[in-house]
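Student: Please take one part of this model and go through it closely. I would like to see how it sits among its neighbours.

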Amino acid sequence: ELLRPPPHRGPLIAAGAVVLAAGLSLAAVRLDDELAALVKLLMFAPTAALLLAIGLQAPSEDGRPPAYQSVLLVTGLVLLWIALTWLADVLGADGLTWRTVTWTGLLVSGASGYCALRTRSAICLLLGVVALGLALVAALEWIFEPDGFTAARWVLLALAVALVIASLGLRAGAPRHSELLVSAAGLA
């Protein structure tokens, strides 16, 4: 119950979450050489979990997430992705590799999909689809190590076509979700 923000405090909490995320990111960048990867992970992971928990507990308005809820969820998901890259570093990944982008992208895509289904958030759906697209391209590069991006272009074309078809199915029931799927198709 303590994590459920009252609707009149939601915008203030969301604004604070954005400032907190920006401050954490700035501290991690400025102190990159001084801080160990585990310390950075311990900075980002609990913050991401807290923001996602608050965002998932926020009450909806007429079946749609209020703007502050979307801000909390997107901020939490971005921090989650950063935390997962630090986790990869703690686990021994050698920099930001295709392997790291693949598994972190899949986890963020799953978390975004859960947030989108639970709160009917269109922006979480967009973030999940973008993360999935990045994970697919990274997996293709990691597994097959093709020369150039020719194979990745075909995968992105297939993803774009699938997203346009999916957007047609959502057009009547969830028009905002449908619009953002078309935006994701254009990005692909």
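Tutor: Buried means under 20% relative accessible area, exposed means over 50%, and partly exposed lies in between (1.4 Å probe, protein chains only). The model is predicted, so local features need pLDDT of at least 70, side-chain atom pairs count only at pLDDT 80 or more, and totals for chains, interfaces and linings use all residues. Numbering starts from 1 along each chain as its sequence is written, and side-chain values use heavy atoms, leaving out hydrogens and water.

Now look at α7, residues 175-187. Helices here are DSSP runs (H or I, at least four residues), numbered from the N terminus. α7 has 13 residues and reaches 19 Å from first C-alpha to last. That is close to the expected 18 Å (1.5 Å times one less than the number of residues).

Its buried residues are H177, S178, L180, L181, A184 and A185. Down the axis of α7 they fall within an arc of 165°, so they line one face (the arc uses directions from the helix axis to the C-beta atoms). On the other side, G186 and L187 are exposed.

What does the buried set of α7 pack against? The partners are α5 (122-144) and α6 (150-170). Take α5. Its axis comes within 9 Å of that of α7, crossing at roughly 25° (axes are lines fitted to C-alpha atoms over the stretch in contact; angles run from 0 to 180 degrees between N-to-C directions). The two helices are therefore roughly parallel (under 35 degrees; over 145 is roughly antiparallel, 65 to 115 roughly perpendicular, the rest oblique). α5 contributes A122, I123, L125, L126, V129 and V130 to the contact, and α7 contributes R176, H177, L180, L181, A184 and L187 (contact means heavy atoms within 4.5 Å).
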